[in-house]
Amino acid sequence: MARKGEASAHLYGEPRKFDPKFRGPIHNRHCTDVICCVIFIVVILGYIALGVVAWVHGDPRKVIYPTDSYGQFCGQKETLNENKTILFYFNILKCASPVVLINLQCPTTQLCVSKCPDRFATYIDVQASYRYKPDQWNYFRQFCKPGFNNPRKSVAQVLRDEDCPSMIIPSRPFLKRCFPDFSTKNGVLTVANQTTFKDGGGKTRNVTDLREAANGINNVLDARSIGVKIFEDYAISWYWILIGLFIAMMLSLLFLVLLRFTAGVLFWIFIFGVIGIIGYGIWHCYWEYDHLKGIPGSDLTVYDIGFQTDFKVYLQLRQTWLAFMIILCGVEVIIILMLIFLRNRIRIAIALLKEGSRAIGYIMSTLFYPIVTFILIAICISYWAVTAVFLATSGEPVYKVMANQTLCKYANLTCDPETFNTTNVTKLCPGAQCTFAFYGGESLYHKYIFIFQLANAFVFLWLVNFAIALGQCTLAGAFASYYWAYRKPADIPLWPLFSSFGRAIRYHTGSLAFGALILAIVQLIRVILEYLDHKLKGTQNSFTRFLLCCLKCCFWCLEKFLKFINRNAYIMIAIYGKNFCTSARDAFYLLMRNVVRVAVLDKVTDFLLFLGKILVAGGVGVLAFFFFTQKIPVFAQEVPTLNYYWVPLLTVIIGSYLVAHGFFSVYAMCVDTLFLCFCEDLERNDGSTAKPYFMSASLHRILGKKKLSPKKAVG
């Protein structure tokens, strides 16, 4: 036994020297990973500076307001367009061009107007009658360029210089843009009860051409339209959503209370239910196998019939049901053998689950700590989003040549709208326009916008992981205080959660930032790989796709492993106050020395908590479905009128799951902390008077031994 213990110690690290006076989380601590703490603070200050610079250069109005062909906002206060809030397209027929989807701009002059046209008219007709019908000209010229009032100018020159549109059609504002006012009459598409119109060039067109053109630009705006409707639904139903989330919170608390008394019952019900279902599957497979006996063709093998797209063909073979029966028998035997050989481990896992409920009962404030984490993450997300928007809207207006001809060599090249008409572009590419494209610039700041966006994303990931790490370390310290209290609850320190939070911030900011940094680097690499995969899709060869797939899979596994290591490292930091690397090493070796217990506890805990999340989210979701679909007569009159009833429904379901996840994450952290403390307790103490166990009486009874030497306790 001594040699076995020595081998185990050599494999999983040298035996640690324990402090015989240890009585829980060490209060006499020192700052850890100071260099990383300083770097973290400097990065935060730099992040704030980046936000200030982006705020100075950016303008989020570029996202909210439509922009005319000169880069000016429609409806912007203290400008000539203050009362012109709607964008008008000179020739909406050009919006059917593929250029719309490529550049998100319609290759025609765009003008800010105060209202959309309400009649059909062409410039040719208006010019011919302006002398004896001046009202028609006064109405038409409000859709011309500001200041243009020369109806005597030739039609060819007016259309060449884009002084006025060649035609106007009855339109209505949609997302602050003028679109044809379509309607259906006797199943026929019409505009103002007309099926045809004059295009201003001497041709008569069908209104279906307008539909195709409107759809060209409308495809770009559909997402915004849906977004507006979704926002309206949220504005109407937000209080009902909050009520649903409150119900989810109460159900989560109720489930945690019941878990304290029914953890063992729930687990064994699940296990025997699985055994029963698999047993029924074995019987059903045997019944199908016996039922097919003597039926022509049932004795053929899978190899004989080859690959078939219709899976039902395989169900007509006895060999298929025999294979299913053998597989299910194997699974059944494995589960039964695991229950036989791991019964003591399972009992310990269930006892730890009950102990976790008891610990949360003594430190109820821990249930509400996820609100702090949620607020910190919400601040990080808000700051990142605002900074990203300001960075994206930094710069001066950039104009590009918009041409209907795909072979135009000047297409998509930058241009100057003031000198564009003096160039040869309009001659070589008839109909080309120098149109506003986006905001950018040639300065050093604008050249590195992409780098700033990347830095914004990286620091965002770092801060989010730090907020999560702070929560895990704080909760671990509070629950460790409970476990290492010899007399529970008398020896539990006062305000354990606040004390643990203070220790984590004061002494271990550097260690938490170090762990968060490692995880943020891996997550940023995953984001870059996803970006490359999206950009190279359709152009990459098979080897490139395989390589990217392998890299994405490897870094996904690495991220999961680092999250597991970091979580347990934070627990060790909360207990001993050592730096990140030392704590991660000690946690890893401790878990490896108790690897079977880790596996059993992890699966038992995951199942019970997942069951709770599904029950809470499903129960509240069903209730919300009946409510928003007016299936509850008592509340039928209270249901708001919605564009999409699934918007609040999905919000309630997802929100309920997140609320349950927030409460149950505290429970999972409690169980993980108690498990590491339990393993430490077994290695430190032997149950004697000199070295008594700190574990509860129920765990001590399940252990089955009054006194254990440290070496025997290992494993």
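Modeller: D586 is buried, with a relative accessible area of 5% (buried is under 20%, exposed is over 50% and partly exposed lies in between, using a 1.4 Å probe and protein chains only). This is a predicted model, in which local features need pLDDT of at least 70 and side-chain atom pairs count only at pLDDT 80 or more, while totals for chains, interfaces and linings use all residues. Residues are numbered from 1 along each chain as its sequence is written, and side-chain values use heavy atoms, without hydrogens or water.

D586 has a salt bridge with K578, where the closest N and O atoms are 3.9 Å apart (a salt bridge is a side-chain nitrogen of Lys or Arg within 4 Å of a carboxyl oxygen of Asp or Glu). K578 is partly exposed, at 34% relative accessibility. D586 also pairs with R585 in a salt bridge, with 3.3 Å between the closest N and O atoms. R585, at 44% relative accessibility, is partly exposed.

Another salt bridge links the side chains of K552 and E530, at 3.7 Å from N to O. K552 belongs to helix α18 (residues 542–576) and E530 to helix α17 (residues 509–536), so this pair ties together parts 22 residues apart in sequence; helices are DSSP runs of H or I with at least four residues, numbered from the N terminus. K552 is partly exposed, at 23% relative accessible area, and E530 is partly exposed at 39%. Over the whole structure, the search finds eight salt bridges.

Notes:
Helix = DSSP H or I, 4+ residues; strand = E, 2+ residues; numbered from the N terminus.
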